[in-house]
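My notes follow in the order in which I looked.

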Protein chains: 2
Amino acid sequence: MNTKRPELLVVGSVAIDWIITPKAVREESVGGSATYFAMAASFFAPIRLVGVVGEDFPASTVQDLKSSGVDLEGLETITGGKTFRWKGRYHDNMNDRTTLETHLNVFEHFQPKLPERYRSSEYLFLGNIQPTLQRGVYEQMQRPRLIGMDTMNLWIDIARDELVNVLGNVDVLTINDEEARQLSGEDNLVKAARAILELGPRNLVIKRGEYGALLFDSDGDIFAAPALPLEEVVDPTGAGDSFAGGFMGYLAGQGVEPSGSVLRTAMICGSVMASFCVEGFSYDRLREIAIDDVQERFDRFAKLTDFTRASLA
Amino acid sequence: MNTKRPELLVVGSVAIDWIITPKAVREESVGGSATYFAMAASFFAPIRLVGVVGEDFPASTVQDLKSSGVDLEGLETITGGKTFRWKGRYHDNMNDRTTLETHLNVFEHFQPKLPERYRSSEYLFLGNIQPTLQRGVYEQMQRPRLIGMDTMNLWIDIARDELVNVLGNVDVLTINDEEARQLSGEDNLVKAARAILELGPRNLVIKRGEYGALLFDSDGDIFAAPALPLEEVVDPTGAGDSFAGGFMGYLAGQGVEPSGSVLRTAMICGSVMASFCVEGFSYDRLREIAIDDVQERFDRFAKLTDFTRASLA
């Protein structure tokens, strides 16, 4: 009997952000899609990370990731290079934001190279990078059991054909509502979802920030996961990546073929991790919590959505 | 044993709208908060309506309401008067709208007068009218078991003291998210809800349109009801009033003290009726459906939100 836990590989950005919110500023806030994803997913499964940083990347984050059980053999450090940096300001509603500066630095020429032993990972998440690079990643893999991916408006704009090509090979696409509208050309989310599923992905998750997330699954069913109403949102950065981490992490931890039922529970795990993420800057909260906190919050989601199935007649 | 079903009284506007959406126009679309409320609530309980119309009000709507079991003794027709008219245009997202014209007409001097036999109604919903008029209504009542109310930004602006006075006497306030922020002065909805509950209402429902609704109950619990993802929204007008009708109607139909559990099921009934409302202009869809359709859609909400409570460790 093979008791080895299935490994989840994530490929994506690793960044140092400069975050300005109406209430506070964090100048060196370690972020990036792969960082948030890995920290969130590490509660559920062993994680392997492929990314690139410069010499300025803090050793403390490397330590935090390792302490969380994240395998960093795939994290490349470019000698003399600087880490991808992003500076942004959140508006009063803590939902809209304005990008002030973007410096791709070493991320500009990122060519994901998978360490040999990563190639047999059973679960793969393609973070938001150029679609041709995403394709290059799964072509380096042996045969992952399940592939999830994210993308962004930029690639929908300038690399649509490559993106659609990748979509045909993924089990779950996780994007936000604006991206879903842009990718499909449909204002209505249900129509948008149907159009996107016809492009290839077997399941689609549409993230709606403070309004939660919708799953459109391969059976044609829809599942609505709420966001947890929070009294204090410190920094929304990374919420979507933490969602993806909780979602994919749960699937990898289960190690089963993702039925509708398992995908639904994974949606709640994603919502749980997103809710922790936004309670602090960077991955501060994801580092502080333990699996008991995750379970407790999962149970809060259960209570938040529970109602009695009634006979109305 | 008294087997009489508890009656639900609604007081509010009755209007003729002129609705322009990106796809269609309806010039004489009968609306108003009391109309939508009554049509939605009539599936669950006997309804009594207090409102005012002019001589231009269509006899067909009077017939529709009566056919739905709505008692119209309280609907006053002003000889020579014209019904409240509103004209508005919905934007491409079908969420935002611009008011093009408002003619209060007979609604301007509306003074709700309750027929004698209405005064013993056990359930009361105060639709969105001037707070002093709302107060005048419940002062005409004997002792309703449960009072719900709605309001709007105008009254929060110009009649805040009267509004807060009324709030101290209601069991459930149903408002939208922008109104909640305005009434409380808090951007964060959880903080806004807490501040509003301190003003008096025992429970608070915050409606969020296509994102569903939140219940903050007297036990300090939160319940999140999603909106049904719909492929076609014809006209959002009246969604909030139909929600309130389904919500209050279910409570009246149950005839029990509203515990957290009953309020949650009522939230879903509200969401069900709102989802039907927006599928057509005016109350077209609410007239077409039967209780079996309501039950079927209720079950769809159950499926939409169902997930397995998992042990994550």
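I count two residues as in contact if their C-beta atoms, placed from the backbone, lie within 7 Å. This is a predicted model, in which local features need pLDDT of at least 70 and side-chain atom pairs count only at pLDDT 80 or more, whereas totals for chains, interfaces and linings use all residues. Residues are numbered from 1 along each chain as its sequence is written, and chains are lettered from A and ligands numbered from 1 in the order in which they are written.

**Entry 1: the interface.** I found 33 residues of chain A in contact with 33 residues of chain B. I take helices (H or I, at least four residues) and strands (E, at least two) as DSSP runs, numbered from the N terminus. On the side of chain A that touches chain B, helix H7 (189-198), strand E14 (222-225), helix H9 (260-277) and helix H11 (291-305) of chain A each supply at least two residues, and H11(A) gives the most, with 7 residues. Because 100% of the interface residues of chain A are also interface residues in chain B, the copies meet through the same surface.

**Entry 2: the nonpolar core.** I call a residue buried if 20 or more other C-beta atoms lie within 10 Å of its own, exposed if 12 or fewer, and partly exposed in between, with C-beta atoms placed from the backbone. A nonpolar core is then a set of buried Ala, Val, Leu, Ile, Met, Phe, Trp, Tyr and Cys residues joined through C-beta atoms within 7 Å. Which members of the largest nonpolar core touch the most other members? Of its 209 residues, they are Val10(A) and Val10(B). Leaving aside neighbours within four places in sequence, I list among the contacts of Val10(A) the residues Ala34(A), Phe37(A), Ile47(A) and Phe125(A).

Entry 3: Two strands pair if DSSP finds at least two bridges between them. Strand E13 (residues 213-216) of chain B runs antiparallel to E14(B), joined to it by 4 bridges, and Leu215(B) stands opposite Phe223(B) in E14(B). The two strands form a hairpin with 5 residues between them, where Gly220(B) in the turn has a positive phi of about 85°. Both faces of E14(B) are covered, with Ile222(B) and Ala224(B) buried on one side and Phe223(B) and Ala225(B) buried on the other.

Entry 4: In helix H6 (residues 177-184) of chain B I noted Glu179(B), Ala180(B), Leu183(B) and Ser184(B) as buried. Seen down the axis of H6(B), with directions taken from the helix axis to the C-beta atoms, the buried residues fall within an arc of 120°, so they line one face of the helix. Their cover includes helix H7 (189-198) of chain B, which is where Ile196(B) has its place. Ile196(B) is buried, with 22 other C-beta atoms within 10 Å, and its contacts beyond four places in sequence include Ala180(B), Leu183(B) and Ser184(B).
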